[in-house]
Amino acid sequence: LFSPAFAKTITVPSQANNTDIQPAIQAAVDTALNGDMIVLPAGTFILNKSVVVTKFISIKGQGLTQTILYRDSGVSDNTLSYDANWVGMFRYNINSTTSSHITISDIYFKSKQPSLVDGDGLSKAADIGIKMINCVDFVITRCRFDYFGNGAVSVYHLDTKAQGLIFKNEFHHNVKGADGLGLGYGVVVYGSNQQWV
């Protein structure tokens, strides 16, 4: 599908802190080709909507204390939980059984401040940090995930094809509220439940 010899690095331009960087990242993703690496700038940025990736593209920040992507506190829990345009800060819709060699690294993902006690007015969103859909041979490393109410990393795979590595990450308080319906995980893995493996 791609040749490493022709892979290129695409640098997302620096942005002002606390501005929405999603359009700039999505523009880089849209122009990238299989095998390319997108490099994010240092800073603290809002990420409105999802960055949707359908190609074998890697994304790298400047380090988990340097590149921080967060959900704005003004976004409703309903939007974060149910709006298809917001499901996952990064959503990889790969749908391939070919080895992707995708790497996501050196980024701090943070959702809204979570509810600890019923009635405290804080977030109960069942949201996701990174969502990987039928992506084989991916790596997620040196990232931090805070406050995701469903799963910080959610992996969806075919029953017979599940290969990926999630290591050397930090997971902090990925849960939402006393009535969080049993959700709130660091890593969630779902098969397609079509056959016994």
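Reader: What percentage of the contacts in the protein chain between residues at least 6 apart in sequence join residues at least 24 apart?

Author: A contact means heavy atoms within 4.5 Å. Among the contacts between residues at least 6 apart in sequence, 74% join residues at least 24 apart. Please note that this is a predicted model, in which local features need pLDDT of at least 70 and side-chain atom pairs count only at pLDDT 80 or more, while totals for chains, interfaces and linings use all residues. Residues are numbered from 1 along each chain as its sequence is written, and side-chain values use heavy atoms, with hydrogens and water left out.

Reader: How many helices and strands does the protein chain have?

Author: Helices (H or I, at least four residues) and strands (E, at least two) are DSSP runs, numbered from the N terminus. The protein chain has two helices and 16 strands. Its radius of gyration, taken over C-alpha atoms, is 16 Å, close to the 16 Å that the globule rule (2.2 Å times the number of residues to the power 0.38) gives for 197 residues, so the chain is as compact as a globular protein of that length.

Reader: What share of the 197 residues is buried?

Author: Buried means under 20% relative accessible area, exposed over 50%, and partly exposed in between (1.4 Å probe, protein chains only). Buried residues account for 47% of the 197 residues.

Reader: How should I read the aromatic pairs?

Author: A pair of aromatic rings is described by the distance of the centres and the angle of the planes. Rings of Phe, Tyr and Trp (its six-membered ring) pair if their centres lie within 6.5 Å; planes under 30 degrees apart count as stacked, over 60 as edge-to-face and the rest as tilted. The structure holds four such pairs. In one of them, the ring centres of Phe90 and Phe109 are 5.1 Å apart and the planes lie at 90°, so this pair is edge-to-face. Phe90 belongs to strand S7 (residues 90-93) and Phe109 to strand S9 (residues 108-110), so the pair links distant parts of the chain, 19 residues apart.

Reader: Is the pair of Phe109 and Phe145 stacked or edge-to-face?

Author: Phe109 and Phe145 are stacked, at 5.2 Å centre to centre with 5° between the planes. Because Phe109 lies in strand S9 and Phe145 in strand S12 (residues 144-146), the pair ties together parts that are 36 residues apart in sequence. Both Phe109 and Phe145 are buried. Ring pairs link Phe90, Phe109, Phe145 and Phe171 into a cluster.

Reader: How many salt bridges does a search of the whole structure find?

Author: A salt bridge is a side-chain nitrogen of Lys or Arg within 4 Å of a carboxyl oxygen of Asp or Glu. The search finds six. One of them joins Lys8 and Asp36, whose closest N and O atoms are 2.9 Å apart. Lys8 lies in the segment before strand S1 (9-11), and Asp36 in the loop between helix H1 (22-31) and strand S2 (37-39), so the pair ties together parts that are 28 residues apart in sequence. Lys8 counts as partly exposed, at 37% relative accessibility, whereas Asp36 counts as buried, at 2%.

Reader: Which residues are linked in a network of salt bridges?

Author: Lys60, Asp106 and Arg142 are linked in this way. Between Lys60 and Asp106, the closest N and O atoms are 3.5 Å apart. Lys60 is partly exposed, with a relative accessible area of 30%, while Asp106 is buried, at 9%.
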